[in-house]
Amino acid sequence: MTLHDLYEDIDRIDARLLALLNERMERAVLVRAFPDGAEDAARHDDESVERARRTALCLAGPEFAAGVYRGLADECGRLRASELRTVAFQGDHGAYSEMAARAWDAQAAAIPFREFVDVFDAVQDGIVDFGIVPVENTLGGLVGPVNSILVYADLRIVAAVDMPVAHCLLAPPGADHREIRVAYSHTQALAQCRRFLARNKLEGRTEFDTAGAARRLAEERPAGAAAIASRFAAELYGLDIIKEDIQDAENNRTRFFVLARAPAAEAGSKCSAVFFTEDKAGALFRVLELFARSGINLTRIESVPNVPGDYAIFLDFEGSDRDPRVAAAIEEAKASAREFRLLGCYTERRL
Amino acid sequence: MKDLKLTGSRPGAERTVIDIAGVRIGEGLVVIAGPCAVESEDQTVRTAVAVKEAGAKMLRGGAFKPRTSPYAFQGLGLKGLKILDKARRETGLPIVTEVIDTRDVSWVGEYADVLQIGARNMQNFSLLREAGKSGRPILLKRGMYSTLEEWLNCAEYILAEGNGQVILCERGIRTFETFTRNTLDLSMIPAVHSQSHLPIFVDPSHGTGILGMIEPMSLAAVAAGADGLEIEVHIDPSSALSDKDQQLRPEAFARLMRRLERQREFIEEMYAREES
């Protein structure tokens, strides 16, 4: 063991400590959503302090440990009492969804969930105020599971963020780039860097999230492995950037929806809807025709397989349902299509 | 010369022209300039700005250095490549940099526009094959003990991998003369032009190793028909970590570029007058 090894260990432990503290605080804030959650959590935090005081560790002794936990409990209490807004996202800290969440609302606390369906459930159950999910990417196409869940979720779109996505190849600090053989990342990111991986003879392996792959790489440091994630994730987990902008095309953008239980307060300038059509000639055309006749510009039309032979159609268009012309077109569409549902009228932010 | 199926010149066939981010190699004179080694972002970017100002079309700079002594500065490696990338973004100059390890070929290709294979690696056949597969333009220097035929056979290795973008570069050979670092063999310019369709550059910095000889030999190379030059320029040669004595100051390089331009005008006029 050298002095350098010790400092490296300290840096790694510090990074994990901070990540764990943040994780613990996230949970202490989420209890707000439950009846009597705040008082109950305060009592639970006091127990944590007392448990720390019973510590039998040599260095982190009783008084020190209790002091640290008291500080933590007080901060959690302050956050619970604040007006802090919470946004759920899929993945781990450092994910592109978190970057989009911060771009939408820099003050809100972005909280990670493992799967997309967990994000939808957290919003639906009132555990968080908002959820943010990627819907489509210019290179990777439709973000499959999200659109399928959107068909049935009883949630409203309250904002959209259209953001450039720049992937980086990340390695543990000091790792030799020549030894890299595999790259871990989300399937979408791997798909967006397919040619880069082929050129450098790297095998892509799937992780649940780009930032999750970066985090695991930083914590476990497997030999010959790299991760594909954002520059933000590299900074968060202290990884070296081997190469920036490794996506196969320059124009790599992802569009995100911000979801809530209630519609957006402001009118917005864009709308999203989903509907089904009868299985007969011209059914889809007749719905689209309504928008064309009203002079409403369609910005996205996407079909998502539902049951075999049946498709859910997603439609994005310009305008607000507070505009009578748009409202009339929506009413007509409801009469013409099967289960036409307005998912929301919102403002879209392009970065 | 036998067996130069792809590298050898064929009667009636056109000479190779290589397009590197808009810089046309093989059509008029192209000068590649920059420091021997990438030492820092400041040194590299400032040198890049200066050589561009003087009329250089591409930037050179070593990130992986093949050094005579294992204790000499070996280059900044990946960090050096990132600095070159920064210099390209600042100046728009395409990057030429050496690759010495087969395992680095794809990574250098991610950052550089042209991969240079140095004199010491000219006959490193696995490196040549890997460079060929990268699909990137290759600047192939002549080995210091190599004949023209050996050199062109090395180019053949790259072309045989389906990569026709090869630039040859004469950089001097070992002779009994020790006054100069190497003996710059300018007769290779017409020799390459007669035996191959590939463009030929000249490196007067390594070719002579003497500051005062860089300008006269550059003028001589261009007069002999070289397609381009590769010249070492450092923003502050006295502080350089390698090749201190053969890197030009930006002012000296700018003067050389002005003289090259006047010489080009003179030669063009000379040929035009003969034709009329």
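Helices and strands are DSSP runs numbered from the N terminus, helices (H or I) having at least four residues and strands (E) at least two. The legends below describe close-up views of a predicted model.

View 1. Arg255(A) belongs to strand 11, which covers residues 253-260 of chain A, and its relative accessible area of 5% falls under 20%, so Arg255(A) counts as buried. The side chain of Arg255(A) forms a polar contact of 2.8 Å with the side chain of Asp316(A), and another polar contact, of 3.1 Å, links it to the side chain of Glu348(A). Once neighbours within four places in sequence are left aside, the residues in contact with Arg255(A) are Val133(A), Pro134(A), Val135(A), Glu136(A), Val161(A), Asp162(A), Lys270(A), Arg300(A), Asp316(A), Tyr346(A) and Glu348(A). Asp323(A), which is 68 residues from Arg255(A) in sequence, has its C-alpha atom 25 Å from that of Arg255(A).

**View 2. Helix 2 and helix 3 of chain A.** The axes of helix 2 (residues 37-53) and helix 3 (residues 62-81) of chain A come within 7 Å and cross at roughly 165°; because angles over 145 degrees count as roughly antiparallel, the two helices are roughly antiparallel to each other. The crossing of helix 2 of chain A and helix 3 of chain A is right-handed. On the side of helix 2 of chain A, the meeting residues are Ala38(A), Ala41(A), Ala42(A), Asp45(A), Asp46(A), Ser48(A), Val49(A), Ala52(A) and Arg53(A), while helix 3 of chain A contributes Pro62(A), Glu63(A), Ala65(A), Ala66(A), Tyr69(A), Arg70(A), Ala73(A), Cys76(A) and Arg80(A). Sorted by class, the residues of this contact comprise eleven nonpolar, one polar and six charged.

**View 3. His177(A) and its contacts with chain B.** His177(A) is placed in the loop of chain A between strand 6 (168-171) and strand 7 (182-185), and with a relative accessibility of 6% it counts as buried. The side chains of His177(A) and Asp104(B) are joined by a polar contact of 2.7 Å. Not counting residues up to four places away in sequence, His177(A) touches Ile242(A) in chain A, and in chain B it touches Phe64(B), Leu78(B), Asp104(B) and Trp107(B).

**View 4. Thr47(B) in helix 1 of chain B.** Thr47(B) sits in helix 1 of chain B, which covers residues 41-54, and is buried, its relative accessible area being 0%. A polar atom of the Thr47(B) side chain lies 2.6 Å from the backbone oxygen of Gln43(B). Beyond its neighbours within four places in sequence, Thr47(B) is in contact with Gly34(B), Pro35(B), Val233(B), His234(B) and Ile235(B).

View 5. With residues up to four places away in sequence not counted, Arg129(B) touches Tyr157(B) and Glu161(B), and its C-alpha atom is 9.9 Å from that of Ala155(B), a residue 26 places away along the chain. Just after helix 4 of chain B, Gly135(B) adopts a positive phi of about 75°.

**View 6. Helix 5 and helix 6 of chain B.** The axes of helix 5 and helix 6 (residues 188-195) of chain B come within 12 Å and cross at roughly 55°, which makes helix 5 of chain B oblique to helix 6 of chain B. The crossing in which helix 5 of chain B passes helix 6 of chain B is right-handed. Leu148(B), Trp151(B) and Leu152(B) of helix 5 of chain B make this contact with Met188(B), Ala191(B), Val192(B) and Gln195(B) of helix 6 of chain B; by class, the residues in contact are six nonpolar, one polar and no charged.

Definitions and conventions: Residues numbered from 1 in each chain as written. Chains lettered and ligands numbered in written order. Predicted model: local features only at pLDDT ≥ 70, side-chain atom pairs only at ≥ 80, totals over all residues. Heavy atoms only, no water. Axes fitted to C-alpha atoms, helices over the stretch in contact; angles between N-to-C directions. Parallel < 35°, antiparallel > 145°, perpendicular 65-115°, else oblique. Left-handed = near helix turned anticlockwise from the far one by under 90°. Contact = heavy atoms within 4.5 Å. Nonpolar A, V, L, I, M, F, W, Y, C, P; charged D, E, K, R; others polar. Buried < 20%, exposed > 50% of the residue type's maximum accessible area, 1.4 Å probe, protein only. Polar contact = N/O pair within 3.5 Å; in protein donor to acceptor, adjacent residues only side chain to side chain.
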